[in-house]
Amino acid sequence: MRRRTVVLVAGLLALLLAAPAANAASRGGGTVLEFDGMVGVAEPFTGATNAIRGVPGGGLPWDIRSAKGELRGDGRLEIDVRGLVLARRAPVPPERQGTNPSTSFMAIVSCVTSQDGVATTVNVSSKLAPATARGDSKIRDTVQLPSPCLAPIVFVASPAGAWFAATGS
């Protein structure tokens with residue numbers, strides 16, 4: 001019985017010592033969010049009326065073919081975007097449907113966090129990344145995440161900060 005108690009206590013002690021180390025490792029660079037898809041902005045999210053966490057939608061609907069990305073605890077962000085273009089439907093004018101009029105995109109990471117004991121939203125932006133006319137872009141940057149960064153949403157946005165695509169399905 002005594003041996004079983006010693007083994008149990010040793011196991012609990014190991015767990016207690018490992019938990020802070022694991023938590024520190026995740027803040028230092030562990031994966032916070034990994035995604036294999038995004039959704040283009042659609043009505044009613046266009047414009048500022050129904051902004052998500054303070055981030056307004058692009059002025060017209062957008063479609064996205066594919067997106068893949070990762071956000072790490074140290075703020076490293078990588079997003080590969082393919083085919084992020086104006087939607088191929090009204091209200092987009094026919095001559096603009098399926099095109100990307102923006103020469104660059106940026107990412108906005110939105111986190112829910114606690115500041116002075118109050119839950120709040122913090123949005124941080126990446127630097128601009130070039131975007132092709134076909135809507136392809138590779139966003140690579142390190143952003144300053146709040147701690148903790150709960151329920152993160154990653155947006156691909158215009159240089160002015162209106163989102164064209166967001167994590168989700």
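The following legends describe close-up views of a predicted model of the protein.

**Figure 1. Overall content of the predicted model.** The protein comprises one helix and 14 strands. Of its 169 residues, 38% count as buried. The accessible surface of the protein comes to about 9400 Å², and 58% of this area belongs to carbon and sulfur atoms. Among contacts between residues at least 6 apart in sequence, 64% join residues at least 24 apart.

**Figure 2. The open sheet of β1, β6, β7 and β12.** Four strands form this open sheet, in the order β1-β6-β7-β12, with antiparallel pairing. At its edges are β1 (31–35) and β12 (137–142), each of which pairs on one side only. From one strand to the next, the twist averages 5 degrees. Strands of a sheet pair through backbone hydrogen bonds, either parallel or antiparallel. Within the sheet, β6 (residues 66–72) and β7 (residues 76–82) run antiparallel and are joined by six bridges.

**Figure 3. The hairpin of β3 and β4.** Strand β3 (residues 47–52) runs antiparallel to strand β4 (residues 55–57), and two bridges join them. Ile52 stands opposite Val55 of β4. The hairpin has two residues between the strands, and Arg53 takes a positive phi near 50 degrees. Gly54 also lies in the loop between β3 and β4. With a relative accessible area of 62%, Gly54 is exposed, because a residue counts as exposed over 50%. Although Gly54 and Ala162 are 108 residues apart in sequence, their C-alpha atoms are 9.9 Å apart in space.

**Figure 4. Strand β14 and its two partners.** Five of the five residues of β14 are buried, and the strand is therefore described as mostly covered. Strand β2 (residues 38–40) pairs with β14 in the antiparallel sense over three bridges. In this pairing, Met38 has Thr167 of β14 as its bridge partner. Strand β13 also runs antiparallel to β14, and three bridges join the two. Here the bridge partner of Ala157 is Trp163 in β14. The hairpin of β13 and β14 has five residues between the strands. Within this hairpin, Gly161 takes a positive phi near 95 degrees.

**Figure 5. The largest nonpolar core and the surroundings of Val156.** The largest nonpolar core has 39 residues. Those with the most contacts inside it are Met38, Ile79, Leu84, Val109, Leu145 and Val156. At least two core residues are supplied by each of β1, β6, β7, β9, β10 (118–125), β13 (150–157) and β14 (163–167). The strand that gives the most to this core is β9, with six residues. Leaving aside neighbours within four places in sequence, Val156 is in contact with Met38, Ile79, Val81, Leu84, Phe105, Met106 and Ile139, among others. Further contacts of Val156 include Ala162, Trp163, Phe164 and Ala165.

**Figure 6. Ser102 in the loop between β8 and β9.** Ser102 is placed in the loop between β8 (85–86) and β9 (104–115). Its relative accessibility is 12%, so Ser102 counts as buried, the limit being under 20%. The side chain of Ser102 reaches the backbone oxygen of Ser104 at 2.6 Å. Not counting residues up to four places away in sequence, Ser102 touches Ala131, Pro159 and Phe164.

**Figure 7. Asp136 in the loop between β11 and β12.** Asp136 is found in the loop between β11 (129–130) and β12. Asp136 is buried, because its relative accessible area is 11%, and buried means under 20%. Its side chain makes a polar contact with the side chain of Arg134, at 3.3 Å. With neighbours within four places in sequence left aside, Asp136 is in contact with Arg65, Val81, Arg82, Gly83, Pro130 and Ala131.

Definitions and conventions:
Residues numbered from 1 in each chain as written. Predicted model: local features only at pLDDT ≥ 70, side-chain atom pairs only at ≥ 80, totals over all residues. Heavy atoms only, no water. Buried < 20%, exposed > 50% of the residue type's maximum accessible area, 1.4 Å probe, protein only. Polar contact = N/O pair within 3.5 Å; in protein donor to acceptor, adjacent residues only side chain to side chain. Contact = heavy atoms within 4.5 Å. Pairing = 2+ DSSP bridges. Axes fitted to C-alpha atoms, helices over the stretch in contact; angles between N-to-C directions. Areas by Shrake-Rupley, 256 points an atom, 1.4 Å probe, with all protein chains shown as cover. Core = buried A, V, L, I, M, F, W, Y, C linked by side-chain atoms within 4.5 Å.
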